[in-house]
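Please read the points below with the model open beside you. Each one takes up a single topic.

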Amino acid sequence: MTDRSQGGQDASDSGRDVPVGPGASRQWMPPPETFSVQSSQTAENARRGDQAEPDQRRDRPPAAGHGILASLLIFLREVVIVVVLAVVLSLILKTWFVQSFWIPSGSMNNTLVKDDRVSVSKLTPGVFELGRGDIVVFEDPGQWLADTVTPEQGPVASKINSALAWVGLLPNDEGNHLIKRVVGLPGDHVKCCTADGRLLVNDVPITEPYVYPGDDPSDIPFDITVPAGKVWVMGDHRSDSKDSRYNDAPGNDGVNGSVPIDHVVGRAFAVVWPLSKLTWLGAPSNTFARVPAVGELTGTPTSGAPATSGANPTSAPSTATPTVRGTVATAGGRATTP
């Protein structure tokens, strides 16, 4: 009895071999709790092992060659993005806001001289109105330019220049634009000249400080009214400017010499090159300050009778061919002298 009781107790407590029946062989059985714990640990270890292997692969540093190639691709991608954004921004600016022009001749001396580069706002006319005294770039309104000079370039330089001009980073050489100063707006009465040699705008004599030193306001007498939708333009170097005066024949009444406003590309607002001449190009504040608007005219002329010089001041302008030239600014910007 004693042995049997101890055997049963030992079997239940320690998992010893116990008889399972008469004549049966002795067999070891682990306690149920131990088997369950061991099975759970085994499954857990297997699961951790499956996760550890991909984690180790993920944490493993890449090969040196692969890292350099990936960095190079990232760098190239960023360069392409920057270049594309720059081209798009330049096209937007050139199309709707600002365009540059080069000045290679002297018809706007001394305000603009040869090889100056100016920035032109395309918001005027349009968002902003043109004003007397504004310097404007405009398309040739009709045979103002007889011949243009196109700079010679090699095939490679020509292709590069064309590409950069297309995006607005460099000027092109179309040769069909000019740059002058607005003297008369639509409806203005512009006349040359008073006894002391000044122009009259709406019967008010004006003093023009921008005229080239030594030049008269005009060597060509004229008396015109600017047609609706047009402006009367003149170069600052009056003796060397192919402007509205020269192109008003045969009527000499302002019709042919005036420039349609829809031909105006924009207003030049700054000299940006060379840097030593960085200048803001604003209209002179005092020159046209006393000139009344068209609707304010009273019809009574002010003092300052036109100069006669032995001729009827109201007669048609002289038909002699003046020795004047015009500053030509091509679209995108290069200017040539006809």
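1. Which residue forms a salt bridge with Arg132, and how far apart are the closest N and O atoms? The partner is Asp188, and the closest N and O atoms are 2.8 Å apart. A salt bridge here is a side-chain nitrogen of Lys or Arg within 4 Å of a carboxyl oxygen of Asp or Glu. Arg132 sits in the loop between β2 and β3 (135-139), and Asp188 in the loop between β4 (177-184) and β5, so that the pair links distant parts of the chain, 56 residues apart. Arg132 counts as buried at 16% relative accessibility, and Asp188 is buried at 0%. Buried means under 20% relative accessible area, exposed means over 50%, and partly exposed is in between (1.4 Å probe, protein chains only).

2. Some ground rules are needed. This is a predicted model, in which local features need pLDDT of at least 70 and side-chain atom pairs count only at pLDDT 80 or more, while totals for chains, interfaces and linings use all residues. Residues are numbered from 1 along each chain as its sequence is written, and side-chain values use heavy atoms, with hydrogens and water left out.

3. The overall picture comes next. The protein has four helices and 14 strands; these are DSSP runs numbered from the N terminus, helices being H or I with at least four residues and strands E with at least two. Of its 338 residues, 36% count as buried. Among contacts with a separation of 6 or more, 73% come from residues 24 or more positions apart, where contact means heavy atoms within 4.5 Å.

4. The largest nonpolar core has 17 residues, and Val183, Val190, Leu199, Phe222 and Trp232 have the most contacts inside it. At least two residues of this core come from each of β5 (189-192), β6 (199-201), β8 (222-225) and β9. A second, separate core has 13 residues, including Ile135, Val137, Ile179 and Ala268. A nonpolar core is a set of buried Ala, Val, Leu, Ile, Met, Phe, Trp, Tyr and Cys residues joined through side-chain atoms within 4.5 Å.

5. By the rule in point 1, the count of salt bridges is seven. One of them joins the side chains of Asp116 and Lys277 at 2.9 Å, N to O. Asp116 is in strand β2 and Lys277 in the loop between β11 (264-273) and β12 (279-280), 161 residues apart. Asp116 is buried, with a relative accessible area of 1%, whereas Lys277 is partly exposed at 26%.

6. Arg181 and Asp236 also meet in a salt bridge, at 2.8 Å from N to O. Arg181 lies in strand β4 and Asp236 in the loop between β9 and β10, so the pair ties together parts that are 55 residues apart in sequence. Arg181 is buried at 3% relative accessible area, and Asp236 is buried at 0%.

7. What does a buried charge without a salt bridge look like in Asp248? The nearest side chain of opposite charge, Lys230, is 7.9 Å away; Lys and Arg count as positive and Asp and Glu as negative, while His and the chain ends are not counted. Asp248 lies in the loop between β9 (230-234) and β10 (259-260). Its side chain reaches the backbone nitrogen of Gly257 at 2.8 Å, and a polar atom of that side chain is 3.0 Å from the backbone nitrogen of Asp253.

8. The loop between β9 and β10 also holds Pro250 and Asn252. The peptide bond from Ala249 to Pro250 is cis, with omega near 5 degrees. Asn252 is not a glycine, yet its phi is positive, near 50 degrees. Asn252 is buried, with a relative accessible area of 18%.

9. The loop between β1 and β2 contains Asn110 and Asp115. The peptide bond from Asn109 to Asn110 is cis, with omega near -5 degrees. Asp115 has a positive phi of about 75 degrees although it is not a glycine.

Note on methods. A polar contact is a pair of N or O atoms within 3.5 Å; within protein, one must be able to donate a hydrogen and the other to accept it, and residues adjacent in sequence count only if both atoms are side-chain atoms.
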